[in-house]
Amino acid sequence: MKYLILFVSILLFSCNNKNQNKPKDFNEKLVDFAIENSNGKFIELPNLYDSLPKNILDDKTEILIIAEILKKKDFKVINWGRENHLLGPRIVSLTLRKDSCECEVNKIYYSKNDSIDNVTERIKCYKVNL
């Protein structure tokens with residue numbers, strides 16, 4: 001009888017434990033790594049998007065996957081901007097902060113002859129004095 005109670009207790013504990021510790025997806029693990037280790041150096045993630053957009057998105061519909069992961073971790077957007085380089089890509093940039101950790105996230109549109117060839121994102125994080 002005591003073995004049955006022990007078995008049921010272990011089973012209940014393990015089921016509850018699985019629900020509380022959902023596995024992180026790969027992108028979230030990379031963001032966690034960047035927060036802890038990038039020390040102001042960019043980490044670029046080239047394969048975040050399944051398909052390429054036909055056009056560069058408008059500010060209202062622009063979504064950065066890495067920034068969304070940071071927002072789920074309670075980071076807040078403190079700055080944003082866009083840049084166009086004459087001989088290079090279009091860059092959408094967000095700066096997010098939580099406590100003394102600040103992260104810069106860029107979405108980079110690589111294009112030639114008005115067609116988008118690749119879209120990547122990159123992140124760098126660093127400690128700030130508040």
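**Salt bridges and a helix contact**

Glu104 and Lys124 form a salt bridge in which the closest N and O atoms are 3.9 Å apart. Glu104 belongs to strand S4 and Lys124 to strand S5 (residues 115-127), so this pair ties together parts that lie 20 residues apart in sequence. Both Glu104 and Lys124 are buried. The model is predicted, so local features need pLDDT of at least 70 and side-chain atom pairs count only at pLDDT 80 or more, while totals for chains, interfaces and linings use all residues. Residues are numbered from 1 along each chain as its sequence is written, and side-chain values use heavy atoms, with hydrogens and water left out.

Some terms need their cut-offs. A salt bridge here is a side-chain nitrogen of Lys or Arg within 4 Å of a carboxyl oxygen of Asp or Glu. Helices (H or I, at least four residues) and strands (E, at least two) are DSSP runs numbered from the N terminus. Buried stands for under 20% relative accessible area, exposed for over 50%, and partly exposed for what lies in between (1.4 Å probe, protein chains only).

By the salt-bridge rule the count is seven. Another of these pairs joins the side chains of Glu62 and Lys107, at 2.7 Å from N to O. Glu62 sits in the loop between strand S1 (43-45) and helix H3 (65-72), and Lys107 sits in strand S4 (residues 101-112); the pair links distant parts of the chain, 45 residues apart. Glu62 and Lys107 are both buried.

Because Glu68 and Lys71 are three residues apart in H3, about one helical turn separates them. Glu68 is partly exposed at 32% relative accessibility, and Lys71 is partly exposed at 36%. A network of salt bridges links Glu28, Asp32 and Lys73.

How do helices H2 and H3 meet? The axes of H2 (residues 26-37) and H3 come within 10 Å and cross at roughly 75°. That makes H2 roughly perpendicular to H3, a label for angles of 65 to 115 degrees. Axes are lines fitted to C-alpha atoms, for helices over the stretch in contact, with angles running from 0 to 180 degrees between N-to-C directions. On the H2 side the contact (heavy atoms within 4.5 Å) involves Asn27, Glu28, Val31 and Ile35, and on the H3 side Ile65, Ile66, Ile69 and Leu70.

Definitions and conventions:
Parallel < 35°, antiparallel > 145°, perpendicular 65-115°, else oblique.
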